[in-house]
Amino acid sequence: MAPVKKGILERLNAGEVVIGDGGFVFALEKRGYVKAGPWTPEATVQYPDAVRQLQREFLRARSNVMQTFTFYASDDKLENRGNNLKLTGAQINEAACDLAREVANEGDALVAGGVSQTPSYLSCKSETEVRAIFKKQLDVFVRKNVDFLIAEYFEHVEEAEWAVQVLKTSGKPVAASLCIGPKGDMHGVSPGECAVRLVKAGAQIVGVNCHFDPMTCVETVKLMKEGVEKAGLKAHYMVQPLAFHTPDCNRQGFIDLPEFPFALEPRILTRWDMHKYAREAYKAGIRFIGGCCGFEPYHIRALAEELAPERGIIPAGSEKHGMWGSGLEMHTKPWVRARARRDYWENLKPASGRPQCPSMSVPDSWGVTKGHADLMQQKEATSKEELEQLFDKSKTH
């Protein structure tokens, strides 16, 4: 029999560093298996080999967590804006659990079942209706016996609280991460207060994911930690940011950037940026460190390499990657061999190669959130007339 793996709380209670995986919807969209816009994970059923391969690459990069590819897999999201898939959330979530478990069993990784914000909440459906959506997803995770649960990508702490309370009924450990920055959630609730509310709802691990770059996310989790400690509560902390530089973002994060989602490549963090992020997160007392949109396996490998002294493990993916560019010692060109050193890559200021591009953008600040007419979700596809109204509105912002 295979040895029993330590659970997520056992690892964190022992002070171990847990490395998460990366951003599946963005990575698979680039590979041609996910549609931008809906961002739904039907690839678990339609293209399981693609999902499995990406999870294996994250495992090889030394991720400890195989998160089920269940982002936006609630039935109301699958039916949103005319996205008629003829697949149910249960079918997608079951396939995602099987894939994650298969890969997790190939290494020392845990399976985390994930739920995320719902169109029903944005459309002001009742608390009972929203909770029922989370319960339907939870039933699959319980049946598939995932190791722990994550309520992730919530813009409003109220909805995240509901999700945590539902997930807690399983008896499994629960993590909760909001897609917020230092300014707080979309209704102005501060990071510290958000964290306190999530801990009181039953989350043992709290933090942030997506919407902002690593250093912004680390700063936000610091504020959450301060709030929890000030309230006399205890929790573990997690951070799973974007792999994009976002110094010009406002409260809504990167989806307000004009480059979202098809022109973000100039903002991608280098592997050396990831070393800095991993170290800053560790110094802040965060022990669940991973990534979200934009993160590829080589980014996760960089986190694992930076924290190898603390973890006592070098990723298998480092077999073909010399630390700090040491493999360049074998290059044919002498000026490239001269780059085989840490101080070169740590101090490099990468150029964009785009002479007429600005260093930062002006976000689209429409200022709408839950309850606004523009955010009422629908099953019918967006009509041509509705699109024309949006095109006109975008010119005035």
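Let's start at Arg-62, which sits in the loop between helix 4 (48–60) and strand 2; helices here are DSSP runs of H or I with at least four residues, strands are runs of E with at least two, and both are numbered from the N terminus. Arg-62 is not a glycine, yet its phi is positive, about 90°. Before going on, a word on the source: this is a predicted model, where local features need pLDDT of at least 70, side-chain atom pairs count only at pLDDT 80 or more, and totals for chains, interfaces and linings use all residues. Residues are numbered from 1 along each chain as its sequence is written, and side-chain values use heavy atoms, with hydrogens and water left out.

Trp-39 is another non-glycine with a positive phi, this one about 55°. Look for Trp-39 in the loop between helix 2 (24–31) and helix 3 (43–46). Its relative accessibility is 10%, so Trp-39 counts as buried; the cut-offs are under 20% relative accessible area for buried, over 50% for exposed, and partly exposed in between, using a 1.4 Å probe and protein chains only.

Now zoom out. The UniProt record, an unreviewed entry, annotates residues 6–307 as "domain: Hcy-binding"; positions from UniProt are in the numbering used here, feature names are shortened, and annotations may be inferred rather than shown by experiment. Over residues 6–307 the chain is 45% helix and 12% strand, with the end C-alpha atoms 19 Å apart.

Take strand 3 (residues 110–115) and strand 4 (residues 148–154), which pair in the parallel sense over four bridges. In this pair, Ala-112 stands opposite Phe-148 in strand 4.

Asn-209 stands opposite Gln-240 in strand 7. The chain gets from strand 6 to strand 7 through helix 11, in a right-handed β-α-β crossover; right-handed means that, with the strands pointing away from the viewer, the path from the first strand over the helix to the second runs clockwise. Strand 7 is mostly covered, with four of its five residues buried.

Helix 11 (residues 214–230) has 17 residues and reaches 24 Å from its first C-alpha to its last, close to the 24 Å expected at 1.5 Å a residue; the expected span is 1.5 Å times one less than the number of residues. Its buried residues include Cys-217, Val-218, Val-221, Met-224 and Val-228. What covers the buried residues of helix 11? Helix 10 (191–201), strand 6 (205–209), strand 7 (236–240) and helix 12 (271–283) are among the elements that do, with contact meaning heavy atoms within 4.5 Å. After helix 11 comes Gly-232, with a positive phi near 75°.

Strand 7 also pairs with strand 8 (residues 288–289), in the parallel sense over two bridges. Here Val-239 has Ile-289 in strand 8 as its bridge partner.

The loop between strand 7 and helix 12 holds Pro-261. The peptide bond from Phe-260 to Pro-261 is cis, with omega near -5°. Ile-268 lies in the loop between strand 7 and helix 12 as well, and at 28% relative accessibility it counts as partly exposed. Ile-268 is 25 residues from Ala-243 in sequence, with their C-alpha atoms 5.7 Å apart in space. Leaving aside neighbours within four places in sequence, Ile-268 is in contact with Ala-243, Phe-244, His-245, Tyr-298 and His-299.

Not counting residues up to four places away in sequence, Cys-179 touches residues including Tyr-153, Phe-154, Asn-209 and His-211.

Terms used
Two strands pair if DSSP finds at least two bridges between them.
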